[in-house]
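Me: I've got a model open and I'd like to learn how to read its side-chain features. Could you walk me through it?

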Amino acid sequence: MESLTRLPILNFNLKEDLIDLSRIQKHQFPDFVFKNLNFLNLCLNNAQSNLNVINKALYVCDILIDYSWEMLNTNIWIFVEEKWRLLYAFTTLFKIISLDMQFAGTGSHTDQLIDQHKQNIVKLADLGLLMSGPLMEREFNNIIKIVENISKKELDLKKRRIEVEQPIKINLNEDFLIKYEKSPSVERFRDEYFYKEMPVIIDDQMQHWPALKTWR
């Protein structure tokens, strides 16, 4: 019969050891991103035994992870802005800590469930390391090291560290790059792109949509 144990895996001081939001606050994001990051930071610092709040934090984590994942895949990897890698990484860190708090607050667990929980944490940390590269290498490797050090069943642990190669500089012909326009006029869009059948990325063209005000 398996033993029953109550085991919180991680015991980070969020502000000092892991999550420094000043690294991401210098970047520009939609307002809902910062609101949700501040909500997560507040939840994980003040909701040690409130499972309802922790569950809500996990829900918010999934929303931000999906959003940042979408933005990470809107361009060739080497051209993706650093802020989207940081957003994915920070949200993944919040999710890891939320899952650990949820696990510790749901009672005693068998050894099998504890091992599964540790595997889930390492899987998230590996993916966070892969997507953020050297930006958050120390934080994710630290999490993986803690999980590995507390494991009593693994005799031959592999060091899980993903070496991320430095981006290769590629000289591209600018004639083949898709241009970017911020809120072009109808006339400019028509003359420069529509008639010429040229692709273009257009930004800031939905501010007049009623849904942006109605659905907030």
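This is a predicted model: local features need pLDDT of at least 70, side-chain atom pairs count only at pLDDT 80 or more; totals for chains, interfaces and linings use all residues.

Me: Let's start with the core. Which residues have the most contacts inside the largest nonpolar core?

Reply: The general idea goes like this: in soluble globular proteins, nonpolar side chains tend to be buried together. Here, the largest nonpolar core has 39 residues, and Ile24, Leu87 and Phe140 have the most contacts inside it. Two or more residues come from each of α3 (31–46), α4, α5, α6 (111–132) and α7 (137–150). Helix α5 gives the most, with 11 residues.

Me: Say I click on Ile24. What is Ile24 in contact with, leaving aside its neighbours within four places in sequence?

Reply: You'll find Phe29, Phe34, Leu37, Leu86, Leu87 and Phe90 in contact with Ile24.

Me: Now the rings. How many aromatic pairs does a search of the whole structure find?

Reply: A pair of aromatic rings is described by the distance of the centres and the angle of the planes. Searching the whole structure turns up seven aromatic pairs. One of them is Phe29 with Phe34, an edge-to-face pair with 5.6 Å centre to centre and 80° between the planes. Phe29 counts as buried because its relative accessible area is 10%, and the cut-off for buried is under 20%. Tyr67 and Trp84 make another edge-to-face pair, again at 5.6 Å centre to centre and 80° between the planes.

Me: On to charges. How many salt bridges does a search of the whole structure find?

Reply: There are six salt bridges in the whole structure. Take Lys95 and Asp62, whose closest N and O atoms are 2.8 Å apart. Lys95 counts as buried because its relative accessibility is 18%, while Asp62 is partly exposed at 33%.

Me: What about Arg138 and Glu139: is each one buried or exposed?

Reply: Arg138 counts as exposed at 54% relative accessibility, whereas Glu139 is buried with a relative accessible area of 4%. Their salt bridge has its closest N and O atoms 3.1 Å apart. Asp191 and Arg190 also form a salt bridge, with the closest N and O atoms 3.1 Å apart. In that pair, Asp191 is partly exposed at 35%, and Arg190 is partly exposed at 33%.

Me: Last one, Glu181. Which strand does Glu181 lie in, and which side chain is joined to Glu181 by a polar contact?

Reply: Glu181 lies in strand β3 (residues 179–182). A 2.7 Å polar contact joins its side chain to that of Tyr193. Glu181 counts as buried because its relative accessibility is 12%. Beyond its neighbours within four places in sequence, Glu181 is in contact with Arg188, Tyr193, Val200, Ile201, Ile202 and Asp203.

Key: Residues are numbered from 1 along each chain as its sequence is written. Side-chain values use heavy atoms; hydrogens and water are left out. Helices (H or I, at least four residues) and strands (E, at least two) are DSSP runs, numbered from the N terminus. Buried means under 20% relative accessible area, exposed over 50%, partly exposed in between (1.4 Å probe, protein chains only). A polar contact is a pair of N or O atoms within 3.5 Å; within protein, one must be able to donate a hydrogen and the other to accept it, and residues adjacent in sequence count only if both atoms are side-chain atoms. Contact means heavy atoms within 4.5 Å. Rings of Phe, Tyr and Trp (its six-membered ring) pair if their centres lie within 6.5 Å; planes under 30 degrees apart count as stacked, over 60 as edge-to-face and the rest as tilted. A salt bridge is a side-chain nitrogen of Lys or Arg within 4 Å of a carboxyl oxygen of Asp or Glu. A nonpolar core is a set of buried Ala, Val, Leu, Ile, Met, Phe, Trp, Tyr and Cys residues joined through side-chain atoms within 4.5 Å.
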